[in-house]
Amino acid sequence: METGKRQALTPKAIIHQRFGNNALYKVEEVQEAPQIGCPGLAIPQKGPCLYRCSLELPDFSVMSDICKKKKDAEQSAAKMALDKLGIKPSNDNPTPEEAWEDLISRIKYLFSNEFLSDRHPLSGHLRAALQRGGDLHGSVPVSVIAACDGKLSNLCKIINPKVESNPGLVISYILNAASRLAEVVVSSEGQLSIQKQNPYPPEIIESSMTLELDAQESIWTEAIHIPCLLEKAVEPVILHVPSNGYYMDVIAEKLGLLDANKLLVSRTIGKSSSETRLYFVVPKSYQLDLSSDLRNAKEPESFEGPINARASYFLGQDVCSDAILASIGYRWNSKELFHEDFTLQSYYRMLLSKIPSGIYKVSREVVLASELPLAFTTRANWRGSFPKEILCAFCRHHRLSEPVFASPELPRSNKKVKVSESAEQQTAYLNGDCTVAGDQKSVGLESNFSCEVRIYSKCHNLILECSPNVLYKKQNDAIQNASLKVLSWLDAYFKDPDTPLEKLNHLANGLNIRFYPQYFFKEFVLCLSLHNFQGSEALGGNLLEPNCKNMLNGMIEDEVSSTNIKGPDSGICPSNGSLICLVYSVSLVKKGELMKELIESNEEFEFEMGNGVVIPLIETVVTQMSVGQSACFVTELPPQELILAAARDSAQVLSLLSSPCCLEFSIVLLRVTEPPEDRMEQALFSPPLSKQRVEYALHHIKESCATSLVDFGCGSGSLLESLLDYPSSLETIVGIDISQKSLARAAKVLHSKLSMKLHPDVSGSTIKSAALYDGSITVFDSRFCGFDIGTCLEVIEHMEEDEASQFGDIVLSSFWPRILIVSTPNYEYNVILQRSNLSSQEDEPGEKTQLQSCKFRNHDHKFEWTREQFNNWASELATRHNYSVEFSGVGGSADLEPGFASQIAVFRRGFLPEGEDPPKNTDPACQYKTIWEWNRLNAAL
């Protein structure tokens, strides 16, 4: 294995070493002209956010270059200052021999007079050790030195990379180095401690201890005792640290030791900012290698005796004694001893955080009600830590390397790849059904990001990799969904570590995961005996029998719902994709008695319906409720570990759990936010309705042999962009919209794709000219009279009904296209999309109530028509303007109720009566503002 490398100091770090707080950085935002990525675009564009930094030093100041990130601007300013000072940062990595000399120098510095008053965590231990009596005066455990000083650990890694996986080697190297400093420090034979050879001068001690002694008081804090034997339960203990005591000696006493010199302390566990550490006894068989052979120093021999599986699982190395888990210690920039209670709840939450779903539960502070979501839908609807953050936290908790994400931007093409899986497909995969994916489908031309995830051990062995055959429009969506696939598979394993290898492979294949058993099981060997969350699905299982419910609180017997729902029906009900907000509480109830203890509650708990974010029972009950209603139901107990992770009063809960108990859930549905139209459609249709509408229009364009097309209400240009990827007879395409923001996006996409089509290695298109215009489609512009085909997809419902009629009259009488394709939502289909009852619409659309507007698919919709209303509107238009009309749609079927989800009318221009002339451009005025134009001849020059 290659030698570990020390990362060179950054310019800013070097400046800090030399000037400390006298170096003042001031970052300011710079306004620069935007880079024009779309020539001819008439809409002003905002440039990117850029920064520059001024650095003031005592003798001079510098101004950095302009950078994209604030931190880069600071580093740039620091580098300029170093250049002015004539300092060149060294990029050389020390050899093991050089690192050994640095290690000796570092230990010498740590026991110097000046370090005692430093605000380094180890300085706090040195000052506390001076209050120890007798031979222990000034003696500091070596494990404390190794745990508190990161520089020592980094130097040891350079000397021997095995330190990464064998932390015990650090103690060997520190003691070995200390033995070379007999004039500075003393390390007694057989003792894992070091003390200063010559006492600190009294004035040094007095100056470093003054503030500390004034503020010091006795400390009482709660910690957790973890017995070595699994048969014994973990228990809370109280640590009492007197004002003149050393907390390490207090912990040692709890573990049966006379002092802390034979106590080992771990690195921080959990959050890096915490002081939560594991303390345990040095085994009697513990032998150190103090040889001078640096590279081949042996790890301390394996310990004899039983392994403390729980402590070892948290630490990632063998522990052979009882252990104390406590949150206490000295921190940077503070001379006071930090402490906070580490309770039974803290312990079980830490244990829960070793599994992916547990990390998510803890991040939401919702242990009993939530589950790891099945799919990453939208950033706006996600609550709690994001999948990538959860995966990174999982790797840290298990001492693995940080996950590696590779998310390249792929060339756009019509290659057949799998579309994004729905929550139902993800559930099927985890249940072992890998046949539900079906045929591969085209994902649309805007989807061009994928993501691969790899997880390595600390020894750089590949544990697993995930390579989804799925493309996403946004890079972040690709990363989050790939991370969630890995988390889902890991969670399935942790909930049942006894799963046969064949089934694990089957599950992995369904999620595009490949894992390597020889390394995977080695990393997670201890989880087999420690995790008892397999039964967590009990919360999603059956409700208690009716007789048990009646015994508890007289709940009604209902074989269908098994729940008690109270309150009037408001008619506002949740549907798949809805954002639900509810208040809930969970109580532990003693069967047969009126005794219960509140263990979890939330005043505003939000989740996306239909994505597996909550336990199945809650979702089942919520589907039967409307806003304002309350519900109560009782379930069997989940594993005790989950209850203790949720409960604040562990003593009371443990007392209740000694008798037969169950859980009582109380819920009030506060509000329901209907999902955006495209989210509802994606939940039921694959490919999504938006893509199906585009494909429907493309079919008629090809069939008509049209050479010119105008898209009324083109938005961001999804239809126009799609036209460029399919062979057709089109030569001119035009888009009209009133949103300049959408037109700007459309211009950039179309310009990029049209320019790419000019490249000789790319298959070309027949398009000779393209343009985008800002204007209302209810106003006539003579430049677009007589186009072969016009499209208006999902636009008219965003207008008032009288404006929709006005548009129909103007487009057929004045624009006079040969073919017009109009699509709009079928209001009747909302029953399926929203899982709600169809409410009648008022005669006057301007007087719709809030209840009725919630029934529309989009908050911006001014109306939504039934099939009869749409047919009447289109038929009357066609009759008035000598057009024929035929009706169709996408999503659903014309032969099955309630018809198509998106209804479509195709108008075809009829022959003019003999002697009648076509409409003439009597008004040559240009009503629309030109936003962007492209011409093949000019672009090719």
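**View 1. Helix α13 passes α15 in a left-handed crossing.** A crossing is called left-handed if the near helix is turned anticlockwise from the far one by less than a right angle, and right-handed if clockwise; helices here are DSSP runs of H or I with at least four residues, strands are E runs of at least two, and both are numbered from the N terminus. The axes of α13 and α15 come within 8 Å and cross at roughly 45°, which makes α13 oblique to α15. Axes are lines fitted to C-alpha atoms, for helices over the stretch in contact, with angles running from 0 to 180 degrees between N-to-C directions; angles under 35 degrees count as roughly parallel, over 145 as roughly antiparallel, 65 to 115 as roughly perpendicular, and the rest as oblique. Among the residues of α13 that meet α15 are Pro387, Ile390, Leu391 and Phe394, and their partners in α15 include Ile479, Leu487 and Phe494, where contact means heavy atoms within 4.5 Å. By class, this contact of α13 with α15 has ten nonpolar, two polar and one charged residues; Ala, Val, Leu, Ile, Met, Phe, Trp, Tyr, Cys and Pro count as nonpolar, Asp, Glu, Lys and Arg as charged, and the others, Gly among them, as polar.

The model shown in these views is predicted, so that local features need pLDDT of at least 70 and side-chain atom pairs count only at pLDDT 80 or more, while totals for chains, interfaces and linings use all residues. Residues are numbered from 1 along each chain as its sequence is written, and side-chain values use heavy atoms, with hydrogens and water left out.

**View 2. Helices α3 and α7 are roughly perpendicular to each other.** The axes of α3 (residues 96-110) and α7 (residues 168-178) come within 9 Å and cross at roughly 75°. Trp100, Leu103, Ile104 and Ile107 of α3 meet Tyr173, Ile174, Asn176, Ala177 and Ala178 of α7, a contact that by class has eight nonpolar, one polar and no charged residues.

**View 3. Helix α12 (residues 356-364) is mostly covered, with eight of its nine residues buried.** Buried means under 20% relative accessible area, exposed over 50%, and partly exposed in between, with a 1.4 Å probe and protein chains only. The buried residues of α12 include Pro356, Ile359, Tyr360 and Arg364, and what covers them includes α11 (344-352), α13 (387-397), α15 (475-495) and β19 (595-608). After α12 comes glutamate 365, whose phi is positive, near 60°.

**View 4. The largest nonpolar core has 166 residues.** A nonpolar core is a set of buried Ala, Val, Leu, Ile, Met, Phe, Trp, Tyr and Cys residues joined through side-chain atoms within 4.5 Å. Those with the most contacts inside this core are Leu103, Phe111, Tyr247, Tyr279 and Trp489, and its largest share, ten residues, comes from α15. Leaving aside neighbours within four places in sequence, tyrosine 247 is in contact with His125, Val241, Tyr279, Ile328, Gly329, Tyr330 and Leu337.

**View 5. Threonine 866 lies in the loop between α29 (850-854) and α30 (867-880).** At 19% relative accessibility, threonine 866 counts as buried. Apart from its neighbours within four places in sequence, threonine 866 is in contact with Asn826, Tyr827, Glu828 and Gln903. Threonine 866 and glycine 899 are 33 residues apart in sequence and 10.0 Å apart in space, C-alpha to C-alpha.
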